[in-house]
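Please look at the sequence and the structure shown here, and then read the short report on a ligand and its surroundings that follows.

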Amino acid sequence: MASETVAESPLSRYRALLAEGALQPDTAQRAAVEKLELLHIRLKSYRPGNRRSVWGLFGFGHRGEAEIEERTGLYIFGGVGRGKSMLMDLFFTSAPIEPKRRVHFHAFMQEVHRGLDAARAQDADDPIDIVANEVARSATLLCFDELQITDIADAMIVGRLFEKLFQRGVVMVTTSNRPPSDLYKDGLQRERFMPFIDLISDHLDVHQLDGPTDFRLARMQSFTVYHTPLGPEADSAMDAAWTTLVGPGGGKPLRLRVGTRELIVPRHRIGNGRATFEELCARPLGPADYLALVDVVRTLFLDHIPRLSRTNNNEAKRFVTLIDTLYEAKTHLICSAAAAPDELYLEGEGAFEFERTASRLNEMQSDGWRVRE
Ligand SMILES: Nc1ncnc2c1ncn2[C@@H]1O[C@H](COP(=O)(O)OP(=O)(O)OP(=O)(O)O)[C@@H](O)[C@H]1O
Ligand SMILES: [Mg+2]
């Protein structure tokens with residue numbers, strides 16, 4: 001979905017970020033980056049029609065040669081804040097293969113269900129087959145962030161769906177907090193789900209990333225996330241937090257495809273995005289843009305939220321949609337604003353609905369939200 005201008009390799013980008021001080025060394029991450037690097041190299045000559053494994057040349061894993069030949073990707077799991085999503089981003093942005101797609105697993109499954117409904121409405125013989133064809137056409141590389149299965153409707157179809165995707169040569173890289181064997185744990189009719197676990201272990205290289213440091217905890221606890229009132233003090237606090245998160249150097253514009261349009265996040269680096277209120281809420285953007293944004297930006301820096309009222313009602317409505325989208329995607333928000341959340345929107349159409357937004361803004365400042373567990 002997103003592409004940055006730099007297209008190096010995961011290892012070279014990781015090294016550069018370490019050298020600049022944007023990342024701290026972590027042995028567990030290094031091992032994961034090496035696997036991503038090998039996958040990157042292999043993808044350069046990968047063709048989906050050619051079902052030889054992307055790992056085949058490297059002889060990874062402890063399994064027999066025949067099984068290794070089937071592997072078409074990587075499954076990275078581990079505790080929160082260990083850097084799984086960050087590493088997947090490094091891999092994805094430089095992955096030398098098209099079409100490629102990085103998507104939150106939950107959003108992907110919603111799309112799958114919509115596709116299945118449409119196929120059923122047309123009396124298709126095998127709706128999953130139709131959806132698998134569509135998905136495989138839209139992405140030879142699929143990167144799923146936060147794979148988790150909690151819903152029986154998902155549990156009942158992922159096995160057949162993924163089997164068909166693997167058959168079509170789709171390469172997958174996914175992150176999860178759980179090993180495959182713990183997915184859909186204690187779920188209803190789990191026996192019908194078990195083939196999915198075997199499928200994942202057979203087709204993906206399962207890699208545990210569990211270094212000693214929860215980097216999110218370390219970073220988020222160290223600063224204030226809601227700066228008010230607006231002014232030089234708020235600006236320099238925002239700049240200091242931005243530098244703490246992205247390191248020196250500032251970040252580059254990130255272009256996101258949204259349907260046929262493009263959304264530009266003015267500054268982006270390793271999952272951190274920065275924009276002003278005006279850039280995100282005073283332009284004709286809508287829910288699809290914000291969904292595209294939260295797919296890649298895990299921490300959003302939003303500068304200069306003004307007071308809202310009847311006079312800037314459209315901006316206020318977009319701001320409500322933006323906050324809802326950030327909230328639902330569990331994105332972190334660091335912002336500067338003209339007033340405290342409860343005082344941002346005192347009168348005008350929508351002031352009542354704004355109460356929920358204010359409450360969410362308050363919750364997003366709490367420690368529990370900031371470390372997300
Ligand atoms: N080596 C590192 N040095 C400094 N910061 C890091 C390092 N690795 C990751 N981070 C930062 O720590 C935060 C958490 O990383 P990330 O979101 O990738 O974790 P995660 O493993 O995906 O967590 P979760 O399971 O909650 O999704 C991010 O802000 C990321 O940029
Ligand atoms: Mg993550």
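In this predicted model, an oxygen atom of ligand 1 is 2.7 Å from an N or O atom in the side chain of K84, which is a polar contact (a pair of N or O atoms within 3.5 Å). The polar contacts of ligand 1 with K84, S85 and G83 are set out below.

| Residue | Atom facing an oxygen atom of ligand 1 | Distance |
|---|---|---|
| K84 | N or O atom in the side chain | 2.7 Å |
| S85 | N or O atom in the side chain | 2.8 Å |
| G83 | polar backbone atom | 3.0 Å |

The protein covers 95% of the 640 Å² of accessible area (Shrake-Rupley method, 1.4 Å probe) that ligand 1 has on its own. Two elements, α4 (84-94) and α9 (215-220), each give two or more residues to the shell around the ligand; such helices are DSSP runs of H or I with at least four residues, and strands are runs of E with at least two, numbered from the N terminus. In total, 18 residues surround ligand 1, each with a heavy atom within 4 Å of it, and Q24, G81, K84, S85 and M86 are the closest.

The model also holds an open sheet of five strands in the order β3-β4-β5-β2-β6, with parallel pairing, where pairing requires at least two DSSP bridges between two strands. Its edge strands, β3 (100-104) and β6 (205-208), each pair on one side only.

Residues are numbered from 1 along each chain as written, while chains are lettered from A and ligands numbered from 1 in the order written. Because the model is predicted, local features need pLDDT of at least 70, side-chain atom pairs count only at pLDDT 80 or more, and totals for chains, interfaces and linings use all residues, while side-chain values use heavy atoms, leaving out hydrogens and water.

Methods: A polar contact is a pair of N or O atoms within 3.5 Å; within protein, one must be able to donate a hydrogen and the other to accept it, and residues adjacent in sequence count only if both atoms are side-chain atoms.
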